[in-house]
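Let's take a friendly walk through this structure, one topic at a time. Keep the 3D view open as you read.

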Amino acid sequence: MTDMIEVRWHGRGGQGAKTASQLLADAALDEDMYIQAFSEYGPERMGAPMQSFTRISKEPITIHCHVTNPEVVVVLDPTLLRTVDVAGGLSEDGTLLVNTTKSPAEVRKELNLKGCKIYTVDATRIATDCLGRPIPNTPMIGALIKVTALIKVKNLIKGLKKKFSKKFKPEIVEGNIKAVERAYEEVKSE
Amino acid sequence: MSNIQALTGDGSVANAMRQINPDVVAVYPITPQTEIAQEFASFVSDGLVDTELINVESEHSAMSACVGASASGARVMTATSANGLALMWEIVYIAASMRLPIVMPVVNRALSGPINIHCDHSDCMGARDSGWIQVHSENAQEAYDNTIQAVRIGEQEKVRLPVMVNLDGFILSHGMERVELLDDAEATKFIGELKTQYPLLDVDHPVTYGPLDLYDYYFEHKRQQVEAMENVLEVITSVGEEFGKLTGRKYGIMEKYKLDDAEVAAVALGSTNGTAQAAVDELREEGIRAGLLKLRVFRPFPVKEIVEALSNAKHVAIFDRSISFGGFGGPLFTEIRSAFLGNDKIPATANYIYGLGGRDINVEDIKTVYKNLTSGKSETVNYVNVRE
């Protein structure tokens, strides 16, 4: 189980954190990995802070408990940095990826973080450009796989097509793919 | 041909139902219903099954419609959860006593007060004396596999009893996992056709179901239910073996994990077993001879098999995800503890009540339980992760 990766997604209800956790898992499955994707179910509603989780491993995943020490944390909403302990349980060599207009150095200062790698991307703008709506989940997955190499982009796009084609019009599916590709290119490191 | 998909527990069970293609499914289509019924309803709308889907006005009516349809000679399923099962209560008993092999996935969740929608086993444990077969699932794969096998088990001629397929609420029902489905044709072949017995709709051979049955024969009918239950373990084992030949995933009554030489062991139902397995691995690395007994079948209660499996352990922690207020520990604990009476070797047993209303239990929590057992820090009944 040592090579299992745990990802924690912080979002607000309606931003697609649950969908993001599942899309990542689904794409990892296409690479023959074992996966889990689950969300915290409380009194969450549109706009309220919520968390979602993805586990990815080459070996079968047997545990069914909460994620407390994730290797990767993804923050879909910049305002959560002030209200939620997004870096809680994140290890010194962990990865923090934030949707914000700020630079990684500014985020580090704001959160007063010592270790871990910090990346930022303006996913809200990318989503607005590509989708016409500020739903940052798919570009954030694009940025995530750039900085972690957890899965291949082509598998993410394949999974996204499979899942979204059932629900959305072709232009929305295309817009999401474009958003993934742009975030993959635009994500900033320190 | 493998068909691997990312599915939630609800999705995997709905797909099992699609492959079972029951004649009738009666469900209450509102909360506390789960996505099982929702996804299955979309299979009906998409024409992927031939099922007559009856949306009823309550869970009591859902089980009543299932009883009627099953007695008429149909293959019947429903699905429910928590308070929904509670509302079915009266008819749950009647389904078993009429020997109707209805299959019902139950997403295990707390019975409220205060309101809680998360996992525990209060719902199914309340139905433990109802005459239903009760099978538990560790993960989404097992929820799928158990649902497919349940049809065969319940419909077996010497059983003819309804089956509850339990899966942990949210942890499994809403968690997406890697699940391998059978090919539709393989599934159809494995499940087979329902052999009807005494169907109401066979007008050439009229029968009566559920008549008044007072001092004269009621007790004999209850005795026959006991007899039917006694045939179940053997059927579960043979169906599980046949399923194993088809899929490579063999099922029995229970699963032993590093138990044969274990000094300290635990017993649990459902999804916690996977977490406990990780705890056992870590304890073994620390030099502690830990083992685990995953109980798949709670009803009928496999007394002989449990005693045999745990006899060599010195200490046994029995995990209960439900509580019996005013009782002497949880239901699993009281039954396992009494099962050992009269046996040559009797391990020291302690009850650990955990996870009520979805309270998390992680690898460290379970390791602590094992360690407390051997160091004499355990009481007879203990509560894991609760503020005292």
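## Charges over rings

Before going on, a word on what you are viewing. This is a predicted model, in which local features need pLDDT of at least 70 and side-chain atom pairs count only at pLDDT 80 or more, while totals for chains, interfaces and linings use all residues; side-chain values use heavy atoms, with hydrogens and water left out. Residues are numbered from 1 along each chain as its sequence is written, and chains are lettered from A and ligands numbered from 1 in the order in which they are written.

## Aromatic pairs

A pair of aromatic rings is described by the distance of the centres and the angle of the planes. Rings of Phe, Tyr and Trp (its six-membered ring) pair if their centres lie within 6.5 Å; planes under 30 degrees apart count as stacked, over 60 as edge-to-face and the rest as tilted. How many aromatic pairs does a search of the whole structure find over all chains? There are nine. One edge-to-face pair is formed by Phe298(B) and Phe301(B), with 5.7 Å centre to centre and 75 degrees between the planes. Both Phe298(B) and Phe301(B) are buried (under 20% relative accessible area, with exposed over 50% and partly exposed in between, for a 1.4 Å probe and protein chains only).

Phe319(B) and Tyr352(B) make a tilted pair, 6.0 Å centre to centre with 35 degrees between the planes. Phe319(B) lies in strand 14 (residues 315-320) of chain B and Tyr352(B) in strand 15 (residues 348-353) of chain B, so the pair ties together parts that are 33 residues apart in sequence. Helices (H or I, at least four residues) and strands (E, at least two) are DSSP runs, numbered from the N terminus. Phe319(B) is buried, as is Tyr352(B).

## The largest pocket

The largest pocket has a volume of about 1000 Å³. On a 1 Å grid over the protein atoms alone, a pocket is an open set of points with protein on both sides within 12 Å along at least five of seven lines, where a cavity is a set of points where a 1.4 Å probe fits but cannot get out; lining residues have an atom within 4 Å of a point. Grid points are joined across faces, edges and corners, and a volume is the space filled by probe spheres set on the points.

Helix 1 of chain A provides the largest share, six residues. By class, the lining has seven nonpolar, nine polar and twelve charged residues; Ala, Val, Leu, Ile, Met, Phe, Trp, Tyr, Cys and Pro count as nonpolar, Asp, Glu, Lys and Arg as charged, and the others, Gly among them, as polar.

## Chain A as a whole

Chain A has seven helices and six strands, and from the N terminus on its elements run β-α-β-β-β-α-β-α-β-α-α-α-α. Its C-alpha trace spans about 45 × 40 × 35 Å along the principal axes, and 55% of the 190 residues of chain A count as buried.

A compact globule of 190 residues would have a radius of gyration near 16 Å, and chain A agrees with its 15 Å. The radius is taken over C-alpha atoms, and the globule rule is 2.2 Å times the number of residues to the power 0.38.

## Backbone details in chain B

Two cis peptide bonds deserve a look. One joins Thr31(B) and Pro32(B), with omega about 10 degrees, and Pro32(B) is in the loop between strand 2 (24-27) and helix 2 of chain B. Another joins Arg299(B) and Pro300(B), with omega about 0 degrees; Pro300(B) is in the loop between strand 13 (297-299) and helix 11 (303-310) of chain B.

Asn21(B) has a positive phi near 50 degrees and lies in the loop between helix 1 and strand 2 of chain B. With a relative accessible area of 25%, Asn21(B) is partly exposed. Asn385(B) has a positive phi near 60 degrees and is found in the segment after strand 16 (381-383) of chain B.
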